[in-house]
Structure formats: structure tokens, C-alpha cells
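The sequence and the structure come first, and the description follows.

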Amino acid sequence: MFKKLRKMLPVMRPGHWLVFAVIVVVTCYWLLEIRLEHAFKPLSKLTGNGGKETEHSSLARNISTLDNFDYEDQLVVVYNRVPKTGSTSFVNIAYDLCKQNRYHVLHINVTANMHVLSLPNQISFVRNVTRWHEMKPALYHGHMAFLDFSKFQIAHKPIYINLVRKPLDRLVSYYYFLRYGDNYRPNLVRKKAGNKITFDECVVQKQPDCDPRNMWLQIPFFCGHAAECWEPGSDWALKQAKQNLVNEYFLVGVTEQMYEFVDLLERSLPRIFQGFREHYQNSNKSHLRVTSSKLPPSESTIQTIQRSKIWQMENDLYEFALEQFEFTKKKLMQPDNKHLQQFMYEKIRPK
């Protein structure tokens, strides 16, 4: 076979063979170098000068992406509003000013007014809020428990806000609301319409509508989607609610100080809340939803409710939120209470 191959090849002089051998060697070296480069490419990311260059270039790209993020026009605020805390008044100001301030307001409507999203709906909601750029900046609102966006690989989490109310006041308001409705939709027949039993009578008769367990709502709204959050009287749920209130919420106000809540939001996030103070003061939206008929509870009823563990825990959360809110208000001003606090950069080195 080799003799036949030699006959087929042209006659080559020794010099030609030398050139041919050099070409073969160079070609093999080049092919080997390419294969080695691909084989050790993952390792070069971890060691050697090539790895450092890759890390620096990647870091530079990430920094560039972060620097280009528009925190104003990409702003997303989630208001997971607790029922009967004055949320309707606040939300209607947002609707009135959304066109003027160029942002969107979206209501989160969950089937049968459920406060907890199913697992598929959790990830769908998180991705909708994050990717729906045409809606940004946006204010989402709805009667929904806190949802931790960090569990879903989201780089930029939304800003959470909320309001809380004294737990017994909220329960009494809701009790009469179910019977008499309010001035917001006066013609709507409510679930307990026609029931004339007062809240005091309900407590004496120990009926389910005034059971202190019905107050267990503000704690689970701040606690979140865990099963334990919705167990009335859970110490773990109260602890988690406090942790979320401090660590996950930008601002939590109290119903009794709605103007101060609006004031802090406008000063901090004017991209959405510009003009809220003036509109709250001078429009008819400052107390939009008033229960049509409501009798204050007697002293005996108050004492009975306050002996329950549920009230004590819900009131604990309310007092905790109030303390944080008062602290935030106080730090808005300088010690003389006449000028706003400011900050600056100085002693910058090297020059």
C-alpha cells in the first residue's frame, strides 16, 4: 500500500520534504493550542491573569447596569392595605393624581377576596410586577398579605408601605360596616344588612361576629404567606410581623395620623406622591369612607375585649408600629424642630 501511495505522490526533493514537515508541525501545534485553550477556559476564570480580567470586565458590566437603573421611572410601590384602616381615602388620592404625576395605579383583585396567593400566582405576580415596564412607575394596592420578593430571584424589589389602626377600633368599624355600609357606596347591600344587634350586645351574647379572633388580621398581613401567620395567637407570627415591618417596609403609618403619613411619603418618594399633602387637605378625599351607623363600645365591652390574648397581641403590633412611625417623624427634623434634617459629603480623600 505504501508503494502505491509513493507512486501517487509527486516526486519531491529533500528540501520540499523539509518544508512539508514544518507545515505539518506548525498546523498540529496550532490545533493543539486551540483545544487546550477551550479545555482550560473554565479554570482561567478562577486563576491566572486571564481570570482576573474576566472578573473585572464582568464587574464593570454589572456596575454599568446598576448605574443605568432609573430608580425614579422604575419605581414600584406595593400597598398591601389592611381592611378598614383608611386605605380607600389614601388610594383615591393616588387615582386622582396618577395622570398628573405620570404613574399607574393598579388594584390587585384576588378571587373571593382571599388574602393569600397560591404558589403559582405568587411567582406570576412577582414577575408581572417586575417585568411590566409599561406600567412603571406604579402603585399596586390590594388586601393581600406581605409577599417576600427576594424568594423569587428578583434583583430590584418593590417598596412596601402600609397603614395600621387600633385593633378594637378597626373591629368595631368592620362590624358596623357589614351591617350598614358606608357613604362611599351607600346603595350596596352589605352581608349583614338588617342585623340590628349592637357590638355591645354581640359581645354579651358571645356571637362570632365580635369574637376577638376576628381581630387577627394586621399581624398576618405583615407576617406574610406562611401557614403559621394565619394561626390566631401565634407568637411566631407576631415576631415575624414585627421583623417584616422594620426590615421590609419603607414606611408604615397609623390611621390616626394619615396626614403625617402622606407628608413623609411625599417628601421621600415625590416621583409618585408629589401633591398628596395638598390634595389630602383641600379635597374631599381626606375621610372618604365613613361607616353609615356606628356606636362606640361601652367601657365594659372594651375591658372584655382587652382581656383577650388576640387583642393584646394585635395591640402590641399597633404600638410597635406607632413607635417606629413616631421615631421616623422625629428624625425628619433637626433637634430645634424648626428645620429639616440634611446631610452632606465632606473630607473626601484623595483630593
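## Terms and basis

A residue is called buried under 20% relative accessible area, exposed over 50%, and partly exposed in between, with a 1.4 Å probe and protein chains only. The model is a predicted one, in which local features need pLDDT of at least 70 and side-chain atom pairs count only at pLDDT 80 or more, while totals for chains, interfaces and linings use all residues. Residues are numbered from 1 along each chain as its sequence is written, and side-chain values rest on heavy atoms, with hydrogens and water left out.

## Overall make-up

The chain has 15 helices and 5 strands, these being DSSP runs numbered from the N terminus (helices H or I with at least four residues, strands E with at least two). Of its 351 residues, 38% count as buried. The accessible surface of the chain is about 22,400 Å², and 56% of that area belongs to carbon and sulfur atoms; areas of this kind come from the Shrake-Rupley method with a 1.4 Å probe, and for residues only the protein chains shown count as cover.

Among contacts in the chain with a separation of 6 or more, 72% are between residues 24 or more positions apart, where contact means heavy atoms within 4.5 Å.

## Aromatic pairs

Rings of Phe, Tyr and Trp (its six-membered ring) pair if their centres lie within 6.5 Å, and planes under 30 degrees apart count as stacked, over 60 as edge-to-face and the rest as tilted. By this rule there are 19 aromatic pairs. In one of them, the ring centres of Phe 146 and Tyr 249 lie 5.7 Å apart with the planes at 40 degrees, so this pair is tilted. The two residues are 103 positions apart and link distant parts of the chain, since Phe 146 belongs to the loop between β3 (138-141) and β4 (159-164), and Tyr 249 to strand β5 (residues 249-254). Phe 146 and Tyr 249 are both buried.

Another pair joins Tyr 176 and Tyr 180, whose ring centres are 6.3 Å apart and whose planes meet at 25 degrees, so the pair is stacked. These tyrosines are 4 residues apart in helix α7 (residues 167-180), and therefore about one helical turn separates them. Tyr 176 counts as buried because its relative accessibility is 3%, whereas Tyr 180, at 29%, counts as partly exposed. Elsewhere, ring pairs link Phe 125, Tyr 140, Phe 146, Phe 149, Tyr 160, Phe 222 and Tyr 249 into a cluster.

## Charges over rings

A charge sits over a ring if NZ of Lys or CZ of Arg is within 6 Å of the ring centre and within 35 degrees of the ring normal. The charged end of Lys 84 is placed in this way over the ring of Phe 177, at 4.3 Å from its centre, and Arg 179 lies over the face of Tyr 175, 3.6 Å from the ring centre.

## Disulfides and a further cysteine

The structure holds 2 disulfides, each identified as a pair of cysteine sulfur atoms within 2.5 Å. In the disulfide of Cys 202 and Cys 210 the sulfur atoms are 2.2 Å apart, and the torsion about the S-S bond is about -95 degrees, so this disulfide is left-handed. Cys 202 and Cys 210 are both buried.

Cys 223 is joined to Cys 229 with an S to S distance of 2.0 Å, and their S-S torsion of about -65 degrees means that this disulfide is left-handed. Cys 223 and Cys 229 are likewise buried. With the bonded cysteines numbered in sequence order, the pairing reads 1-2, 3-4. Cys 98 counts as buried because its relative accessibility is 17%.
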